[in-house]
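User: I'm new to reading protein models, and I'd like to know what the terms rest on. Can you take me through this one?

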Amino acid sequence: MSQLTTDDLADLLRSAVLLPVLRPPNPQAALTQVRKCVDAGLPVVELTTTIDDWVDALREVRAAWPSLVVGMGTVLEDSQAKAAIDGGAAFIVSPCPVPDVRRAADGRVPLVEGGFTPAELLDATSRGLAKLFPAHVGGPQML
């Protein structure tokens, strides 16, 4: 897979309609859940750092489905961002503004930065893609 740009990721997310965020307990469960997504025809998934041995889960998923676009979410530290990128993540997702993660991802992979307040979201969108997090609190009405 060639390096994904922020514009490429935005186009992919628009065409995919949904981005499953998978939080399985371990790498084996991650493989099972990702297989279901791939079998359903989804071109992109997001794993999270909440998975036990998440780096192994990422590597195993990337090895099993090399053409699948796999992102890593719940990234809160620069060391997590670096490990995710080194493990093959095509993009990084943070649930909130994290300048260290932003710096670690810069020029390497797209970052989807989360925010909750209008100021956080406006700030994040000034750099690229952003997501409302947690979305269930405000939903589309808040946007």
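User: Which residues line the second largest pocket?

Analyst: Keep in mind that this is a predicted model. The lining is made up of Leu121, Ala130, Lys131, Leu132, Phe133, Ala135, Gly139, Pro140 and Leu143. To count as lining, a residue needs an atom within 4 Å of a pocket point. Strand β6 (130-132) and helix α7 (135-142) each give at least two of the lining residues, and the space inside comes to about 210 Å³.

User: Why are β1 and β6 said to stand at the edges?

Analyst: Look at the strand order, which is β1-β2-β3-β4-β5-β6 in an open sheet with parallel pairing. β1 (21-22) and β6 each have a single partner strand, so one side of each has no neighbour in the sheet. That is what makes them edges.

User: How do you know that β4 and β5 pair?

Analyst: Two strands pair if there are at least two bridges between them. Strand β4 (residues 91-94) and β5 have three bridges, in the parallel sense, so they pass that test. In this pair, Val93 sits opposite Val112 of β5. On the sheet's helix side of things, α6 (residues 118-125) lies across β5 and β6, at about 160 degrees to β6.

User: What makes the contact between α2 and α3?

Analyst: Helix α2 (residues 27-39) and helix α3 (residues 54-64) have axes that come within 9 Å and cross at roughly 40 degrees. The crossing is right-handed. α2 brings Pro27, Ala30, Leu31 and Val34, and α3 brings Asp56, Ala57, Glu60, Val61 and Ala64. Here contact means heavy atoms within 4.5 Å. Sorted by class, the contact has seven nonpolar, no polar and two charged residues.

User: Why is the bond between Phe133 and Pro134 called cis?

Analyst: Check omega: for the peptide bond joining Phe133 and Pro134 it is about -5 degrees, and the bond is cis. Pro134 is in the loop between β6 and α7. Most peptide bonds are trans.

User: What is the phi of Val17?

Analyst: Val17 has a positive phi of about 75 degrees, although it isn't a glycine. You'll find Val17 in the loop between α1 (6-16) and β1. For residues other than glycine, most phi values are negative.

Conventions:
Residues are numbered from 1 along each chain as its sequence is written. This is a predicted model: local features need pLDDT of at least 70, side-chain atom pairs count only at pLDDT 80 or more; totals for chains, interfaces and linings use all residues. Side-chain values use heavy atoms; hydrogens and water are left out. On a 1 Å grid over the protein atoms alone, a cavity is a set of points where a 1.4 Å probe fits but cannot get out, and a pocket is an open set with protein on both sides within 12 Å along at least five of seven lines; lining residues have an atom within 4 Å of a point. Grid points are joined across faces, edges and corners, and a volume is the space filled by probe spheres set on the points. Helices (H or I, at least four residues) and strands (E, at least two) are DSSP runs, numbered from the N terminus. Axes are lines fitted to C-alpha atoms, for helices over the stretch in contact, and angles run from 0 to 180 degrees between N-to-C directions. A crossing is left-handed if the near helix is turned anticlockwise from the far one by less than a right angle, and right-handed if clockwise. Ala, Val, Leu, Ile, Met, Phe, Trp, Tyr, Cys and Pro count as nonpolar, Asp, Glu, Lys and Arg as charged, and the others, Gly among them, as polar.
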